[in-house]
Amino acid sequence: MKEITILSGKGGAGKTSIAAALASLARNAVFCDNDVDAADLHLILKPEIKETHSFDSGSLAFINQEECTNCETCLEACRFEAIFTNSDGFPEINPYQCEGCRLCERLCPVGTIQTTQNRNNRWFISDTRLGLMVHAKMGPGEENSGKLVTRIREKAKELARENKAQFIINDGPPGIGCTAISSITGTNAVLLVIEPTFSGLHDARRLVELVNSFKVPIYAIINKHDINLEFTATVVHYLIDNNIPLVGKIPFSEMFVECMLHEKSLVEYAPNHPISLNLKTIWEKISNNSIH
Amino acid sequence: MQIAIASGKGGTGKTTVSVNLYYFLSEKYNNRVQLIDCDVEEPNDMLFFPQAKKEAEKEVFTAVPEIDKERCIYCKKCVEWCEFNAISIVQRLKFAEVNYELCHSCGACFEACSFEALTPVQNSLGSISDYRTTFGAGIVEGRLKIGSAMQTALIKSVKKQADSNQQITLLDAPPGTSCPVVETVATANYVILVTEPTPFGLHDLKITVELLNEIHKPFGVIVNKAGLGNNTIYQFLEENNITLLGKIPFSKAYAENYSRGEIFENIPVDVEKAYHFILGKLATIIN
């Protein structure tokens, strides 16, 4: 079983469109949406939810004003500036700043602070027309996205093993922060989607540095390559210099938006379109291990 | 006042809108406009200002614990107080270690220890740089150290550079809807959501609207790449009484300019018109 994670650094490079296309080419694969913060793969795969689970979304402190002596111990101790003096002149917790470390609760001399754990994040196991899918939905403004990614990836692996699936295709998050780190840890390969723009390459470089620190192999796709052919050449040079195999170049096409409107991947919507054939070659290269 | 530029989905044009607003608002408000790049994971604003002069750069640290094994009695009280499972102690093996990737720098372990076995050491999160540009009051960029998962803490530090003497501070937010976005928009007086008229754009706009309603932030929407996709997004805005600040037409030629980092040169007439329309809408909010 091979786990492939699609990442880009910069958002909007085409991760989800490419993930959906590869999903329709892979036989016997499990799909996992690691972009728990703004998940979109389900808009194409149209999952039928079989199981729903709640998941820890971080802890939150609460100060009971009636017993508070206003000693300000909590105000001074909080390193997240999550406690402020409210209009009654008492300390109050800002729920969006509180990290749930419980330091205020432990230090409060009258024991009037309590921390509760929330479970406002959800994750799902679903059936789709292309295979099993594990995905998640975070409560608005909730925390713990990194741990949530780790959890759904574990589940996808478990399902892949049970069903003897050959591949797991992870649609990754943008950026290089906690969710990206959780998506990279322990995966078998990263498929890097780069757009040939100044910012696309800048962001990809930072991502490559991160992925290299985990010693995970990288393959690259240049998406919208004809937006700037000159810059595409710069990107190709960068990939050669960094020993990153280029598995394909995809032109800019409004077809990607069109198939999205029909809730289909490009390969399903227009199987004989040159880009679909192109994606097929890319998938063959990735799945046959014929790179290097 | 602070105006944050956010979007659920990545790649809708937050950076393009942020640097263009910096340009057009600077023109209108006598250069009393500051831009802060809060997308610390992938800061891109400065790519469009190759001539800008870096005036200062400083590294940002948080205090993480270091365990002195001479003083530690392996009582595990710090382990108990750490809500993030960042400390491992095995008494039998005299093993004591801190995992800095899990540490949130909350300080609980220092309070827990009665034996002065923990000392704070500096852990770098990244850097903050100040740039002077040929127009406007300057740009501040936060840049997360590669490998750090503490983007929210860095955003908090970067935002301290907001200059209240300026008329407007623009905050370019990271994509998504979780903690880093909440941190960015927390102090903003107004949020501009940048979206695109596609199913992905609409879906991610909806979850961002849900977040902003929950934290009671006033906001308006800019539809970028207008002309692509369909009209469902406008129906959504209308049905929910959401202010449409403007539409920026999609132009492949402009996308090419963008790819070269040249967005202030050869701005297509209809794009410039769109920004002036947006400026008009924003004027009532700013005053």
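Student: In which strand of chain A is the place of Ile83(A)?

Tutor: We are reading a predicted model, and that holds for everything that follows. Within it, the strand of chain A that runs over residues 83-85 includes Ile83(A), and this strand is S5.

Student: Is Ile83(A) buried or exposed?

Tutor: Ile83(A) touches Cys74(A), Leu75(A), Cys78(A), Pro91(A), Glu92(A), Ile93(A) and Cys104(A), when residues up to four places away in sequence are not counted. The cut-off for burial is 20 or more other C-beta atoms within 10 Å. Ile83(A) has 22 such atoms within 10 Å, so the residue is buried.

Student: What separates the C-alpha atoms of Ile83(A) and Cys98(A)?

Tutor: Ile83(A) and Cys98(A) lie 15 residues apart along the chain.

Student: Against which elements of chain A do the buried residues of helix H5 (residues 145-162) of chain A pack?

Tutor: H5(A) has 18 residues and reaches 26 Å from its first C-alpha to its last, close to the 26 Å expected at 1.5 Å a residue. Its buried residues include Leu148(A), Val149(A), Ile152(A) and Ala156(A). The elements of chain A that these buried residues pack against are strands S2 (29-33), S3 (48-55), S8 (121-128), S9 (131-137) and S10 (167-171), together with helix H6 (178-184).

Student: Which helix gives the largest share of the side of chain A that touches chain B?

Tutor: In the contact between the chains, 50 residues of chain A meet 51 residues of chain B. On the chain A side, H4 (103-107), H5, H6, H7 (198-213) and H9 (255-261) each supply at least two residues. The largest share, 8 residues, comes from H7(A).

Student: In chain B, which strands stand at the edges of the open sheet?

Tutor: The sheet has 9 strands in the order S3-S6-S7-S2-S8-S1-S9-S10-S11, and its pairing is mixed. Two of these strands have a single partner each, so one side of each is left without a neighbour in the sheet. These edge strands are S3 (53-67) and S11 (243-249) of chain B.

Student: How many of the 6 residues of strand S9 (residues 190-195) of chain B are buried?

Tutor: S9(B) pairs in the parallel sense with strand S1 (residues 2-6) of chain B over 4 bridges, and Ala6(B) stands opposite Leu193(B). S9(B) also runs parallel to strand S10 (residues 219-226) of chain B, to which 5 bridges join it. S9(B) is largely enclosed by the rest of the structure, because the number of its 6 residues that are buried is 5.

Student: Which helix makes a right-handed β-α-β unit with S9(B) and S10(B)?

Tutor: The helix in question lies across S1, S9 and S10 of chain B, running at about 165° to S9(B). The helix of the right-handed unit spans residues 199-214 of chain B and is H6(B).

Student: At what angle do H6(B) and helix H7 (residues 232-239) of chain B pack?

Tutor: The axes of H6(B) and H7(B) are 9 Å apart, and the angle is about 20°. That makes H6(B) roughly parallel to H7(B). The contact is made by Gly201(B), Leu202(B) and Leu205(B) of H6(B) with Thr232(B), Ile233(B) and Phe236(B) of H7(B).

Methods. Residues numbered from 1 in each chain as written. Chains lettered and ligands numbered in written order. Predicted model: local features only at pLDDT ≥ 70, side-chain atom pairs only at ≥ 80, totals over all residues. Buried ≥ 20, exposed ≤ 12 C-beta atoms within 10 Å, placed from the backbone. Pairing = 2+ DSSP bridges. Right-handed = clockwise from strand over helix to strand, strands pointing away. Expected span 1.5 Å × (residues − 1). Contact = placed C-beta atoms within 7 Å. Axes fitted to C-alpha atoms, helices over the stretch in contact; angles between N-to-C directions. Parallel < 35°, antiparallel > 145°, perpendicular 65-115°, else oblique.
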